[in-house]
Amino acid sequence: MKMTEAWIRAVVEAIHSTPSQAVIYLSGGASQSLGLLMSVPGATSTVLEALVPYSRVSMVDLLGKIPASYCSQQTAEEMALLAYNRALKLSSPGAPVVGVGFTGSLASSRPKLGNHRFHLSTRTSNQLYASTVTLSKVVVGIRTREQEDTVSSQFLLKALSKACRVVQQTTGSPLSESDSLNELEKQFTEDEELQQVIDGQICFKIYPFSAPPNAERKIILPGSFNPLHDGHLKLLEVATSLCGNGYPCFEISAINADKPPLTVSQIKDRVKQFERVGKTVIISNQPYFYKKAELFPGSAFVIGADTAARLINPKYYDGSYEKMLEILGACKARGCTFLVGGRSTDGVFKVLEDLEIPEELKDMFVPIPAEMFRMDISSTEIRKSRGMM
């Protein structure tokens, strides 16, 4: 094995040894990085998805707009952010994720008037890294397209290893002394991360206060949790036992359908409740279940019978029964289900069996037996009893 091959294999092995999972978006170079990642055992635990938006139409479709420049640091950063959000949706519960964006202008079949260059960005929960490499004109005439792709691929893998927090960074570098490198690195505070969720830049932030089990499926109990009480804890515990296997999570949407968004301070105060009891909580920005289904495909949502009644009420779908079936059908297609617990509303205890679930959706709704759990008090009633309202 050549020395170059040895150090880059060591980089890939180190990446695969971390718990990080990545989504990679590439255009115009670094194509060998995917082969190098896949050829070393362990890729299944690292690579969630890889996409090559090579044509301009494909890039516009990915970005949702026509970029000012297809090959620029800004475009690489936007690709990395999109990849990061995609990784959040696809990752194993509680796993740290990385988004990688790369765009390059390397040697081609036609002579280039400008510099041969590439732009790379990585995004994690609390860090943005961006770099621009301008390949030396002295070396450009010697390097082939394949060799420039090799350089950019190896550079990407080193950046990915850093984003995955590989402890022992290798000393090798694919760049020559005459290549030009400009780097930017920005750390985000917890407050900045939460503000990015509120603003819609990132789709959610997870606080993994409980050790994630060996399970792909999330069991999610959404709510405001103002405050969190024993009924919430018991409900999620029972729901998880019914599912047999899954990662129990609470979820708070920073955005409310008919109230002002939560502030960063309010979110942090509510998160502290979960830290005290050692339970995982997710902060998202989607108040609607059909949007939650997009964020958490394949998940089981734990709800009360009162929420289930609203879900199947055409009133909340512009009065259209067909629209209700279409939207909930899309949730079903994403592999989502609803575990429904009994709930006392206006002095009447109702369970799933009291509701008329459309035939097409019946297998989406699973009852939580009343003998296993019933909730007769709400967070609102607790706030009233404490004089908080």
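Over the ring of which residue does the charged end of Lys-205 sit? In this predicted model, the ring belongs to Tyr-207, and the charged end of Lys-205 lies 4.9 Å from its centre.

A search of the whole structure turns up 12 aromatic pairs. Take Phe-225 and Phe-250: their ring centres are 5.3 Å apart and their planes sit at 90 degrees, so this pair counts as edge-to-face. The two residues are 25 apart in the chain, and their pairing links distant parts of it. Phe-225 comes from the loop between strand S8 (218-222) and helix H9 (230-243), while Phe-250 belongs to strand S9 (residues 247-253). Both phenylalanines are buried.

Then there is strand S3 (residues 97-105). Here 9 of the 9 residues are buried, so the strand is largely enclosed by the rest of the structure. In a regular strand, side chains alternate between the two faces of the sheet. In S3, Val-97, Gly-99, Gly-101, Thr-103 and Ser-105 point one way, with Val-98, Val-100, Phe-102 and Gly-104 pointing the other way.

What does S3 pair with? Strand S1 (residues 21-27) runs parallel to S3 and is joined to it by 7 bridges; Leu-26, for one, has Phe-102 of S3 as its bridge partner. With strand S4 (residues 117-123), S3 pairs in the antiparallel sense, again over 7 bridges. There, Val-100 finds its bridge partner in Thr-122 of S4.

Conventions: Residues numbered from 1 in each chain as written. Predicted model: local features only at pLDDT ≥ 70, side-chain atom pairs only at ≥ 80, totals over all residues. Heavy atoms only, no water. Phe/Tyr/Trp six-rings, centres within 6.5 Å; stacked < 30°, edge-to-face > 60°. Helix = DSSP H or I, 4+ residues; strand = E, 2+ residues; numbered from the N terminus. Buried < 20%, exposed > 50% of the residue type's maximum accessible area, 1.4 Å probe, protein only. Lys NZ or Arg CZ within 6 Å of the ring centre and 35° of its normal. Pairing = 2+ DSSP bridges.
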